[in-house]
Amino acid sequence: GYQNHAIYVGNPEANSTLPAGIHYSLDDGQTWQQSALQGVTAQLIQMAVHPIDANRVALAAEDGVWLSSEYGDSFARIGDEQTVTAVTFHPNGQSLLFGYHALSSYELASQQSAELPSPIIAVEDAISYIAVNPVQPETIALATFNKIVYLTHDGGKSWTPIVEAGKAQ
């Protein structure tokens, strides 16, 4: 988490330290607890921890966005059952950004989702990563699996491709 010491890790196979599953640490990795993942029904794609509340974690999955406020022990789906490939909490902790071909926002207090202005993502591509500048929160970057990076300085009203096919513009 941006302002806490929570670390969440997805371990696809058991290793010498952790069994398979999602685990979290609240002491910089000194000790680990396993999350129960109750409610999650599909293949996980990405994970994000709340910047302030260490107990909140969100998952992007093949069947939507999942949110937990219990260290990943139980989850509830946010919105429709559709693929989501990227998820991140806004640095202020008030919303969750997520996407596949378009960027959406989920307000934690009101529990309302809204689609945000987004760059046009090709059908054969998808959003792979979302980053929000914690000092200038109107500045958002989106990366795609096809190595295109888009940047906005106005909260999504206008987007500029700054990297295409992995090469800076």
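This is a predicted model: local features need pLDDT of at least 70, side-chain atom pairs count only at pLDDT 80 or more; totals for chains, interfaces and linings use all residues.
Local features need pLDDT of at least 70 and side-chain atom pairs count only at pLDDT 80 or more, while totals for chains, interfaces and linings use all residues. Residues are numbered from 1 along each chain as its sequence is written, and side-chain values use heavy atoms, without hydrogens and water.

The largest pocket holds about 340 Å³ of space. A pocket here is an open set of points, on a 1 Å grid over the protein atoms alone, where a 1.4 Å probe fits, with protein on both sides within 12 Å along at least five of seven lines; lining residues have an atom within 4 Å of a point. Its volume is the space filled by probe spheres set on the points, which are joined across faces, edges and corners. Of the 18 lining residues, Ala48, Val49, Thr88, Phe89 and Tyr129 are the closest to the centre of the largest pocket. By class, this lining has 16 nonpolar (Ala, Val, Leu, Ile, Met, Phe, Trp, Tyr, Cys and Pro), two polar and no charged (Asp, Glu, Lys and Arg) residues; the others, Gly among them, count as polar.

The second largest pocket, with about 260 Å³ of space, is lined by 17 residues. Its lining divides into seven nonpolar, eight polar and two charged residues.

Turning to the rings, Tyr24 and Tyr71 form a stacked pair, 4.8 Å centre to centre with 20° between the planes (rings of Phe, Tyr and Trp, its six-membered ring, pair if their centres lie within 6.5 Å; planes under 30 degrees apart count as stacked). Ring pairs link Tyr8, Tyr24 and Tyr71 into a cluster.

Technical notes:
Rings of Phe, Tyr and Trp (its six-membered ring) pair if their centres lie within 6.5 Å; planes under 30 degrees apart count as stacked, over 60 as edge-to-face and the rest as tilted.
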